[in-house]
Amino acid sequence: MKFIAKNIAKKLATTGGVPLLLVLSLTMCSEDVLDKQPLGTLTDETFYKTEKDFDAATLAPYSTMLNLTYEQFGAGLWNGFLKPDDDVQHRDPNDAMDVFNWTPGNNNFGWVWANAYKGVARANTVLDQLPKADKMDAAKKPRYEAEAKFMRAWWYFLLATNWGDVPILTSVPG
C-alpha cells in the first residue's frame, strides 16, 4: 500500500509540478510591463484614415444586415415579417405573432426598427468620417461614399416599407 502511495505522489510531483512551474514562470513579469500605455487604441482620430480602415468600416452596415436575419435568440425579420403569413402552420393560438395580433409593443418589430437604425448609423459614420481620411487616395473615396449611401438607402427602404414615413438621419448625431 505504501508503494502505491509513493508512486502516486511521485507521479503527481512530476506530472503536476512541471506544468505548474512552467505556468508560474510564464506568468511572472516585472512591474514596468504592467504600466505601459495601450499601443493600438482605435478612436475616430486614429482609425478612419486609410483605405484598409474604410474597407473594415463599410462592413459594419452589412454586419447589421446579417444580424437582422440571423439573430441568435429568434428576434428580428424572420419572426416579425417573414414567418407570420398564410403559408405558415400556426402552432400556438396564444402567440400574438401566430394569430396576426401585431401591436407596437411587440419586441420583434421593435428589434427590427432598432437594428435598422443601427445600420443607418453605421453607414452615416462612414459618410461623416470619409472627408477626414487623409492617408487615402482621393480617387477611391467615391466608392466608399456610394457603398455607404446604398446601405443607408437599403435600411430606409426596409423602414419605409414597414412603417411608412420614418425619421431620416443623414449624419451621426453629435
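How many salt bridges does the structure hold? It holds four, a salt bridge being a side-chain nitrogen of Lys or Arg within 4 Å of a carboxyl oxygen of Asp or Glu. This is a predicted model, in which local features need pLDDT of at least 70 and side-chain atom pairs count only at pLDDT 80 or more, while totals for chains, interfaces and linings use all residues. Residues are numbered from 1 along each chain as its sequence is written, and side-chain values use heavy atoms, with hydrogens and water left out.

**Salt bridges**

- Glu 51 pairs with Lys 140 in a salt bridge whose closest N and O atoms are 3.1 Å apart; Glu 51 belongs to helix α4 (residues 51–57) and Lys 140 to the loop between α7 and α8, so this contact ties together parts that are 89 residues apart in sequence. Helices here are DSSP runs (H or I, at least four residues), numbered from the N terminus.
- Glu 51, with a relative accessible area of 29%, is partly exposed, and so is Lys 140 at 34%, where buried means under 20%, exposed over 50% and partly exposed in between (1.4 Å probe, protein chains only).
- Within helix α8, Arg 143 and Glu 147 lie four residues apart, about one turn of the helix, and form a salt bridge with the closest N and O atoms 3.3 Å apart; Arg 143 is partly exposed at 43% relative accessibility, whereas Glu 147 is buried at 17%.
- Lys 149 and Glu 145, also both in helix α8 and four residues apart, meet through their side chains in a salt bridge of 3.0 Å, N to O.
- Shared partners join Asp 55, Arg 143 and Glu 147 into one salt-bridge network.

**Aromatic pairs**

- The structure holds seven aromatic pairs, counted when ring centres of Phe, Tyr or Trp (its six-membered ring) lie within 6.5 Å, with planes under 30 degrees apart called stacked, over 60 edge-to-face and the rest tilted.
- One of them is the edge-to-face pair of Trp 113 and Trp 163, at 5.2 Å centre to centre and 85° between the planes; Trp 113 lies in helix α7 and Trp 163 in helix α8, so the pair ties together parts that are 50 residues apart in sequence.
- Trp 154 and Trp 155 also form an edge-to-face pair, 4.9 Å centre to centre, in which Trp 154 is partly exposed at 27% and Trp 155 is buried at 0% relative accessibility.
- Phe 47, Tyr 48, Phe 54 and Tyr 144 are linked by ring pairs into a cluster.

Terms used. Helix = DSSP H or I, 4+ residues; strand = E, 2+ residues; numbered from the N terminus.
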